[in-house]
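User: Could you take a close look at the side-chain pairings in this structure for me? I would enjoy one connected walk through them.

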Amino acid sequence: MSDQSRDPKLTDAEEQWLDRMLDTAAPIEPSAALRRVVAEIPLRHPRPHGAAERGFALPGYVMGLGLIAALAALSVGAWVGSQAGVLADVAVVDDADAGQVDAAWEELAVLAFADELDEELAP
Amino acid sequence: MLHALTPLFGTDALPVVLAHAGGASRRGTDALVAGDDEALMLHVGKGDPAAYRALAERYLAGIVRYATRMLGDQAEAEDVAQETFLRLWRDAGRYEARGHKPSTWLYRVAHNLCIDRLRARRPETEIDEQHGSDRTSAPMADKELSAQVAAALARLPERQRAAIALVHYEEKSLEEAGIVLGCAAGAVESLLARGRRSLREQLAAFYRDGASNP
């Protein structure tokens with residue numbers, strides 16, 4: 001035992017006697033059942049994140065991830081590009097629809113107020 | 001590797017160990033098992049069962065000894081040891097060295113589990129409550145003497161008991177014991193001094209019997 005733990009108020013003889021007393025403690029050993037249970041912990045408790053960690057251990061895994069991400073970005077870009085014509089058509093249809101909505105609103109206003117809103121709102 | 005693991009797990013566990021040994025990685029595993037604790041901890045964090053078993057081989061007995069001395073009950077101590085090694089397996093990936101040894105981390109986990117159990121069991125019994133209650137002046141057989149020493153240890157406040165268990169029985173440095181107990185090395189030294197003085201007083205009857213006892 002280290003000298004630094006000694007109580008200065010106990011004599012050297014008392015310290016040595018106390019060490020001997022402490023050393024009479026019965027030996028404590030893990031039971032066979034505990035040894036077995038502890039040995040089987042990896043089998044009984046699979047690691048939830050083990051797969052990811054194994055993946056990172058594979059050679060080139062990080063580079064592979066980067067390549068997959070780049071390919072995914074290119075695919076999305078190509079798809080958006082291929083849809084550009086369709087989107088333009090949709091925009092034209094939307095403009096046409098907007099004109100129809102304005103006309104319908106004016107008709108409803110005439111029905112509701114029995115007059116032209118523009119005339120009523122005029123100063 | 002199998003030869004090294006047999007003392008811990010016994011022949012009953014060999015099929016389990018064999019299932020993980022793997023012929024191709026055998027040499028790498030042997031090197032790993034011989035490695036330092038930090039390297040093993042890193043591999044346990046990556047889910048390596050061989051590294052886990054190497055650490056268990058090194059520290060299971062010590063954790064059981066420590067928990068038994070803290071709790072005074074080996075069955076309960078084995079529950080603590082099992083939980084400690086389960087946490088090693090599950091949480092090693094979150095281990096950060098910060099200058100602390102993996103073994104110190106294990107003892108700290110075990111210590112905290114012991115304290116939880118002691119708190120759940122009863123309020124801490126101060127040494128003065130039962131001071132000197134089991135003294136006897138009769139010479140005793142070794143087994144009885146050992147029981148008296150264990151009883152005297154059990155009567156110490158838990159932090160003094162922990163300090164003696166770590167420094168005397170587990171041969172930890174004051175700094176390592178301080179990490180386990182969550183205090184400075186100087187505080188551990190003080191706990192040790194008070195604990196040893198209390199033991200000296202509790203076991204005074206044996207000292208009067210003569211320095212040859214034990």
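Analyst: Happy to; what follows starts with the salt bridges and then moves on to the aromatic rings and the chain around them. Please keep in mind that this is a predicted model.

Let's begin with charge. Side chains of opposite charge can pair when their charged atoms come close. Over all chains, the structure holds 14 salt bridges. One of them runs between A:Glu14 and B:Arg200, whose closest N and O atoms are 2.7 Å apart. A:Glu14 belongs to helix H1 (residues 12-22) of chain A and B:Arg200 to helix H11 (residues 185-202) of chain B, so this pair joins two chains. A:Glu14 has a relative accessible area of 12% and is therefore buried, since the cut-off is under 20%. B:Arg200, with a relative accessible area of 14%, is buried as well.

Next comes the salt bridge of B:Arg196 with A:Glu15, where the closest N and O atoms are 2.5 Å apart. Here too the pair joins two chains, because B:Arg196 lies in helix H11 of chain B and A:Glu15 in helix H1 of chain A. Both B:Arg196 and A:Glu15 are buried.

Within chain B, B:Arg58 forms a salt bridge with B:Asp37, and the closest N and O atoms are 2.5 Å apart. B:Arg58 sits in helix H5 of chain B and B:Asp37 in helix H4 (residues 37-45) of chain B, so the pair ties together parts that are 21 residues apart in sequence.

Now for the rings. A pair of aromatic rings is described by the distance of the centres and the angle of the planes. The structure holds three aromatic pairs over all chains. In one of them, the ring centres of B:Tyr52 and B:Trp89 are 5.6 Å apart and the planes stand at 70 degrees, so the pair is edge-to-face. This pair links distant parts of the chain: B:Tyr52 is in helix H5 (residues 49-71) of chain B and B:Trp89 in helix H6 (residues 74-91) of chain B, 37 residues apart. Both B:Tyr52 and B:Trp89 are buried.

Another pair is made by B:Tyr95 and B:Trp105, with ring centres 6.1 Å apart and planes at 75 degrees, so this pair is edge-to-face. B:Tyr95 lies in the loop between H6 and helix H7 (102-121) of chain B, and B:Trp105 in helix H7 of chain B, so the pair ties together parts that are 10 residues apart in sequence. B:Tyr95 is buried, at a relative accessible area of 15%, while B:Trp105 counts as partly exposed at 22% relative accessibility.

Charge and ring meet at B:Arg69, whose charged end sits over the ring of B:Tyr169, 3.5 Å from the ring centre.

Finally, a word on the setting in chain B. Chain B has 12 helices and zero strands. Of its 214 residues, 50% count as buried. Among contacts in chain B between residues at least 6 apart in sequence, 66% join residues at least 24 apart. The accessible surface of chain B comes to about 9,700 Å², and 49% of that belongs to carbon and sulfur atoms.

Technical notes:
Residues numbered from 1 in each chain as written. Chains lettered and ligands numbered in written order. Predicted model: local features only at pLDDT ≥ 70, side-chain atom pairs only at ≥ 80, totals over all residues. Heavy atoms only, no water. Phe/Tyr/Trp six-rings, centres within 6.5 Å; stacked < 30°, edge-to-face > 60°. Helix = DSSP H or I, 4+ residues; strand = E, 2+ residues; numbered from the N terminus. Buried < 20%, exposed > 50% of the residue type's maximum accessible area, 1.4 Å probe, protein only. Lys NZ or Arg CZ within 6 Å of the ring centre and 35° of its normal. Salt bridge = Lys/Arg side-chain N within 4 Å of Asp/Glu carboxyl O. Contact = heavy atoms within 4.5 Å. Areas by Shrake-Rupley, 256 points an atom, 1.4 Å probe, with all protein chains shown as cover.
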